[in-house]
Amino acid sequence: MDAMKETVLDQARQDQTRRLSNAILRRTIVNVILFSVAYIAGFALFMLTLGNVVSNLVYRLVLYNDQIHGLIAMLFIPLTICGFVLGIVLVVRSGINRALGYFDLLLDSVSDILAKREGPIVLPAELAPTAMALNGIKVESEQNERTAKAAEERKNELVMYLAHDIKTPLTSIIGYLSLLEESPDLPVEVRARYTGIALAKAHRLEELLEEFFEITRYNLQALPIERSRFDGVLFVNQVIEEFYPLAEGRALSLAYEGPEELSVFADASRVARVLNNVMKNAVAYADAGTDVVVRTNLTVAADGFVWWELTVTNRGRELSPQHIERIFEKFFRADEARASSGGAGLGLAIAREIARAHGGDIYATSDAGVTSFTIWIPQGSSVIAPSQSACE
């Protein structure tokens, strides 16, 4: 893709150079023709109207000397030709200076872009394509700068947020451990309670540190995908089992719906991260006493292409269409939106990047408090069992 883009840019530069050269050459030729016509017309007009008068005047000035007057008459034609040649040289030189002026304008325009001066790039008509390209580069550069600045500011805010939140559980851990150390005669129940609180704070600290490292190393543009074949049902149930302790703490029930066996082809470790992030989000925002349901199956599209479909559904606060649109943006966090348990807002963004790195995608819907995240992983064109559903 980069090589193709470079080829297109080279072709555009060559086209612009050719157009500019042709424009300068045409203008120079036109000026030479105009000068020649004007010079010849002027010479003819001079000879017809003032030739005899000037000749007689020169004859009188040389005191009626026929020899000197004849010498001057002989030099008149060479001098006229020299004047014509000198005029042509000046016209061509003007064209060269114009070309050099174009380069000066281009250098000034590039300097304006580098200096980030306001206003569009304005160039002569011959450089209209170049002016358009430079203005495009300027606009893109300004947009990239604003985006990078906003991302950096947002990243700094999140680092400050995490640093503050890291300090909070750390202070609690130190406080409860200090109490245990300073009071060895505390009742067993109190010691157990303090130990449990310190352990919970330690787990929270670990989660915050993981989020912090996600921010510092977040670079999924070159995400490697290594596919292999495995049992999708066993895979999904293993991920579900990891959330039983967290679900019990919130009085939630975890349920699986799907076939008893399902052969799929994907990067298991990467898809596990996708499902883990989505499950964490669903468990965190589900209403207490409700079910979190995970469904999986193979689905056939209208063109016969097969997809591995994973859907996580929970019942809780409804998401607005505005949050649905932005929920997969990295670092997106809002009080009303799901953002990986109130973390850095990377969980769902990472899930989408991994799904897209597979060639698939992830979507969210929310209606009447029922929110579903559906993950699509391509499997290729193949025949599937009758029990498996087909896309509408």
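Visitor: At about what angle does α8 run to β5?
Guide: This is a predicted model, where local features need pLDDT of at least 70, side-chain atom pairs count only at pLDDT 80 or more, and totals for chains, interfaces and linings use all residues. Axes are lines fitted to C-alpha atoms, for helices over the stretch in contact, and angles run from 0 to 180 degrees between N-to-C directions. Helix α8 lies across β2, β4, β5, β6 and β7, and its angle to β5 is about 25°.

Visitor: In what order do the five strands of the open sheet stand?
Guide: Strands of a sheet pair through backbone hydrogen bonds, either parallel or antiparallel. Two strands count as paired if DSSP finds at least two bridges between them. Here the pairing is mixed, and the order is β2-β4-β5-β7-β6.

Visitor: Which strands stand at the edges of that sheet?
Guide: An edge strand here has a single partner strand, so one side of it is left without a neighbour in the sheet. From one strand to the next, the twist averages 15°. The two edge strands are β2 (253–257) and β6 (361–367).

Visitor: Over how many bridges do β6 and β7 pair?
Guide: Along this pair, Ala-364 stands opposite Phe-373 in β7. The sense is antiparallel, and the number of bridges between β6 and β7 is seven.

Visitor: Which strands does helix α10 touch?
Guide: Helix α10 spans residues 347–357 and packs on the sheet. Contact means heavy atoms within 4.5 Å. The direction of α10 makes about 135° with that of β6, and the strands touched are β6 and β7.

Visitor: Is Thr-299 buried or exposed?
Guide: Thr-299 is found in strand β4. Buried means under 20% relative accessible area, exposed over 50%, and partly exposed in between (1.4 Å probe, protein chains only). Because its relative accessible area is 3%, Thr-299 is buried.

Visitor: Which side chain does that of Thr-299 join in a polar contact?
Guide: A polar contact is a pair of N or O atoms within 3.5 Å; within protein, one must be able to donate a hydrogen and the other to accept it, and residues adjacent in sequence count only if both atoms are side-chain atoms. At 2.8 Å, the partner of Thr-299 is Glu-309.

Visitor: Within what arc do the buried residues of α6 fall?
Guide: In helix α6 (residues 232–241), the buried residues are Gly-232, Val-233, Phe-235, Val-236, Val-239 and Ile-240. The arc is that of the directions from the helix axis to the C-beta atoms. Seen down the axis, these buried residues line one face of α6, because they fall within an arc of 165°.

Visitor: What is the phi of Ala-368?
Guide: Most residues other than glycine have a negative phi, and most peptide bonds are trans. Ala-368 is found in the loop between β6 and β7, and at 58% relative accessibility it counts as exposed. Although Ala-368 is not a glycine, its phi is positive, at about 55°.

How values were computed: Residues numbered from 1 in each chain as written. Heavy atoms only, no water. Helix = DSSP H or I, 4+ residues; strand = E, 2+ residues; numbered from the N terminus.
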